[in-house]
Amino acid sequence: MPSVSRLLQQPAVIQALERIPRAVIVDSLRAEIAAAREQAGAGAPPPSDSVLVNRALQRAEEASKPSLRRAINATGVILHTGLGRAVLSQAACRAIQAVAAGHSTLEIDVESGRRGSRQAHVRDLLCELTGAESALVVNNNVAAVLLGVTTLAAGREVVISRGELIEIGGSFRLPEIIRAGGARLVEVGTTNRTRLQDYREAITEHTGLLLRCHPSNFRIVGFTEETPTTELVRLGREHGIPVMDDLGSGAMIDTGLLGTGPTTTLQMAIASGCDLVTASGDKLLGGPQAGLILGRKDLIERMARHPLARAFRVDKLTLAALEATLRLYRDPEKACREIPTLRYLSRTRDELRVMARRLKGQIAAVCGERILIDLVPENSEVGGGSLPGENLPTICVRLRVTEGHLTEEELAARLRRHEPPIFARVKDNAVLLDPRTLEKEDELEIVKALSILIQSETNGRI
Ligand SMILES: *Cc1c(COP(=O)(O)O)cnc(C)c1O
């Protein structure tokens with residue numbers, strides 16, 4: 001076997017050293033030499049130096065790629081947690097760039113030059129847009145709920161309907177979060193029906209909080225009854241117990257206006273009199289990961305003083321993106337145009353058909369007969385535990401391989417290995433590309449990936 005130092009003299013390696021750190025190349029050479037030695041031990045002929053170098057450079061190239069990187073979402077799931085939930089608006093991206101690349105006014109009052117609050121950048125905007133008395137932003141919505149529970153009900157009881165004891169993605173369950181907040185969970189009602197009387201009977205001198213949680217990732221249909229929030233609020237007032245409403249998806253405009261089903265907006269939850277409302281920043285709001293807490297000033301001040309508020313603090317990049325996103329909502333039409341989440345939601349079937357036809361034509365032009373391409377009516381998903389069961393009709397480009405031995409799973413895997421990785425749906429022996437979550441430049445990338453794939457198939461390099 002050649003030595004590492006001998007391979008380091010190869011022109012291809014010397015060239016690569018200009019781009020890739022030496023340590024990475026040396027590690028890759030060592031790994032390939034070791035692999036070749038093992039294969040030689042099993043009787044394989046030793047590879048030439050140039051073959052070894054090629055393999056090592058490929059490995060080094062792979063190791064140099066960022067792990068967290070841009071990806072193309074052709075799944076049609078708008079808020080795909082695996083793919084980073086909400087895509088940020090250009091305005092939000094610019095705001096992050098500006099704040100990241102230099103110093104900023106994060107916690108300083110420009111007038112006085114004295115220390116200020118990082119919350120100031122978004123508090124007034126949130127109040128203006130939602131009608132809330134005060135607002136606090138934390139790292140995510142689970143942090144918001146936990147902070148609310150622990151500040152208002154640690155050592156006391158949290159009353160919640162059995163129909164709302166949800167599990168959030170990643171197997172985090174609301175009952176565990178309530179326990180983590182040091183509160184005791186008191187379940188009332190049944191899975192499908194919970195009446196005001198159920199809450200009333202559960203209230204004792206130990207009750208610290210009445211919690212409502214929107215069952216965000218499933219829907220119970222049929223014989224159901226839930227207590228209207230306004231009634232719960234009235235009950236809370238009678239007993240001097242705060243009511244907190246965990247909205248989860250946190251839309252700022254009625255998604256009904258976008259052609260989807262109605263949802264409780266942040267404004268509606270505030271208007272119904274809830275003492276506190278919590279929501280995610282990166283679901284239907286279309287902003288960065290964050291937990292929004294809206295509501296009564298006195299309660300929010302107590303929460304802001306709790307030590308956990310410091311642990312759940314949002315960073316400046318989040319605040320920059322959130323402020324920019326919120327500013328767009330001052331003009332709801334602009335918000336719908338410029339916030340990708342809302343744009344994807346509001347795409348009509350006709351628009352999607354035009355996109356799907358265009359994509360199909362481009363793919364057909366490079367793939368010829370090798371792939372069977374047609375259009376199929378399908379449904380997109382909102383995802384991210386928002387608007388469950390919502391039908392979002394779409395038109396997908398369906399790809400089926402006609403010859404060779406590439407299965408639909410392998411085709412999908414090859415798309416994922418493209419740079420940037422492309423994520424599609426696999427269904428009924430086919431790969432489906434949903435235009436709902438695609439931008440124009442993504443279409444070109446998909447065509448390029450398929451063209452490379454067909455080329456390598458033709459050359460027999462499978
Ligand atoms: C999504 C969701 C959460 C979790 O929000 P994160 O921002 O992901 O922490 C909590 N509650 C409800 C109802 C949700 O839909």
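**View 1. Asp331 in the loop between helix 14 and helix 15.** In this predicted model, Asp331 lies in the loop that links helix 14 (316–328) to helix 15 (332–338), where helices (H or I, at least four residues) and strands (E, at least two) are DSSP runs numbered from the N terminus. Asp331 counts as partly exposed because its relative accessibility is 36%, with buried meaning under 20% relative accessible area, exposed over 50% and partly exposed in between (1.4 Å probe, protein chains only). From C-alpha to C-alpha, Asp331 and Arg70 are 29 Å apart in space, and 261 residues separate them in sequence.

View 2. The strands follow the order 2-12-13-16-15 with mixed pairing, two strands being paired if DSSP finds at least two bridges between them. Strand 2 (77–79) and strand 15 (425–427) stand at the edges, each with a single partner strand, so one side of each has no neighbour in the sheet.

**View 3. Strand 15 beside strand 16.** Strand 15 and strand 16 (residues 430–433) run antiparallel and are joined by three bridges; Lys427 has Ala430 in strand 16 as its bridge partner.

**View 4. Helix 17 on the sheet.** Helix 17 (residues 349–367) packs on the sheet and touches strand 12 (371–383), strand 13 (392–401) and strand 16, contact meaning heavy atoms within 4.5 Å. The direction of helix 17 makes about 10 degrees with that of strand 13; axes are lines fitted to C-alpha atoms, for helices over the stretch in contact, and angles run from 0 to 180 degrees between N-to-C directions.

**Notes.** Residues are numbered from 1 along each chain as its sequence is written. Local features need pLDDT of at least 70 and side-chain atom pairs count only at pLDDT 80 or more, while totals for chains, interfaces and linings use all residues, and side-chain values use heavy atoms, leaving out hydrogens and water.
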